[in-house]
Amino acid sequence: MKRTQPKRTQLKRTQLKRIALYLALFMGAAVAVAPYLMTLNSAFKEPAKVLTTPAWEPAFPVTLGNFAKVWSEYDMAGFLLHSLVYAGAVTVGQVVFSTMAAYAFGRMSFPGRDALFWGYLATMMVPQIVTLVPLFLIMREFGLIDTYLGLILPTAFGTPYGIFLVRQYFRTIPRDLESAARIDGAGTWTVLTRVVLPLSRPILATLATITFITTWNTLLWPLIITNGDAVRVVTLGISALKGQYSSQYHLILAAAALALLPLIVIFLLFQRHIVRSIALTGLK
């Protein structure tokens with residue numbers, strides 16, 4: 001009896017700690033998800049009730065008029081298509097070029113490799129606003145204002161964060177696998193595509209998800225590089241609904257809800273790979 005009592009006490013303490021942890025995680029998740037749920041809820045409200053009722057009050061009666069109006073009168077389909085092309089192209093470019101650069105920095109040896117890598121990584125400390133004007137001038141000289149290429153090129157060839165993320169994952173892959181492939185006659189490109197990349201699907205999915213979401217939500221660069229509706233992305237389309245003297249909040253909420261849906265789909269498709277990459281690399 002004397003031995004079982006401390007065990008029961010310890011078990012109760014463990015259970016209480018676990019319950020407290022789950023409660024804290026639930027509260028954190030609720031705080032993080034609440035704004036999105038309020039946006040979706042308010043998007044289904046009638047225009048007169050958007051500002052006269054609390055955001056968490058359920059929409060009753062439910063109306064689809066906000067979505068129909070913002071879709072038909074404000075070319076929301078075009079904005080979503082432009083954002084899809086923009087974010088998709090940048091994501092593909094980021095994954096391809098960040099992967100090649102990360103393999104060079106992480107698995108190949110050449111003079112000045114570490115100095116070049118850390119110097120490139122140091123550019124993360126440079127604010128985006130510093131490079132905004134030079135980038136705009138370069139795009140203007142090449143005649144890429146208000147074009148897809150002007151939107152895509154500045155971030156399509158990899159970023160310091162993406163290269164660092166993939167490089168750290170590559171360094172966890174045993175070198176014996178590469179050595180065995182080279183003994184069989186595989187070259188550098190074969191080792192990368194046949195050995196390293198199949199083992200790196202979680203981190204590549206993580207990079208693709210982060211890049212797509214970040215690009216989809218970008219406002220400043222599209223605002224600078226575009227001046228018409230030819231390639232206007234969804235963030236600019238939503239901001240255009242807010243006027244100087246009045247704002248159509250019911251349409252803004254409906255447009256935001258439509259813009260949120262692709263991001264939810266992307267996250268649900270790749271969440272398993274994201275969790276796995278974090279577990280394998282120890283990222284926090």
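Thr99 is found in helix 4, which covers residues 76-107; helices (H or I, at least four residues) are DSSP runs numbered from the N terminus. The model is predicted, so local features need pLDDT of at least 70 and side-chain atom pairs count only at pLDDT 80 or more, while totals for chains, interfaces and linings use all residues. Residues are numbered from 1 along each chain as its sequence is written, and side-chain values use heavy atoms, with hydrogens and water left out.

With a relative accessibility of 5%, Thr99 counts as buried. Buried means under 20% relative accessible area, exposed means over 50%, and partly exposed lies in between (1.4 Å probe, protein chains only). The side chain of Thr99 reaches the backbone oxygen of Val95 at 2.4 Å. This is listed as a polar contact, that is, a pair of N or O atoms within 3.5 Å; within protein, one must be able to donate a hydrogen and the other to accept it, and residues adjacent in sequence count only if both atoms are side-chain atoms. Not counting residues up to four places away in sequence, Thr99 touches Gln94, Val166, Phe170, Leu192, Leu197 and Leu204, where contact means heavy atoms within 4.5 Å.

Ser98 also lies in helix 4. Its relative accessibility is 0%, and Ser98 therefore counts as buried. A polar atom of the Ser98 side chain lies 2.8 Å from the backbone oxygen of Gln94. When neighbours within four places in sequence are left aside, Ser98 is in contact with Gly93, Gly158, Thr159, Gly162, Ile163 and Leu207.

Two of the residues named so far, Leu204 and Leu207, are among the buried residues of helix 11. Because 12 of its 16 residues are buried, helix 11 is largely enclosed by the rest of the structure. At 1.5 Å a residue, the 16 residues of helix 11 should span 22 Å, and the end C-alpha atoms are 22 Å apart, which agrees. The expected span is 1.5 Å times one less than the number of residues.

Leu204 has a relative accessible area of 15% and is buried. Apart from neighbours within four places in sequence, Leu204 is in contact with Val95, Thr99 and Leu197. Arg232 is 28 residues from Leu204 along the chain, and their C-alpha atoms are separated by 28 Å.

Helix 10 (residues 188-199) packs against helix 11 (residues 201-216) at an angle of about 70°, with the axes 5 Å apart. Axes are lines fitted to C-alpha atoms, for helices over the stretch in contact, and angles run from 0 to 180 degrees between N-to-C directions. Helix 10 is therefore roughly perpendicular to helix 11, a term for angles of 65 to 115 degrees. Leu197, Pro198 and Leu199 of helix 10 and Arg201, Pro202 and Leu204 of helix 11 make the contact. By class, this contact has 5 nonpolar, no polar and 1 charged residues. Ala, Val, Leu, Ile, Met, Phe, Trp, Tyr, Cys and Pro count as nonpolar, Asp, Glu, Lys and Arg as charged, and the others, Gly among them, as polar.

Two loop residues remain. Most residues other than glycine have a negative phi. Asp75, in the loop between helix 3 (65-73) and helix 4, has a positive phi near 50°. At 43% relative accessibility, Asp75 counts as partly exposed. Asp146 has a positive phi near 60° and is placed in the loop between helix 6 (128-141) and helix 7 (148-152).

Key. Parallel < 35°, antiparallel > 145°, perpendicular 65-115°, else oblique.
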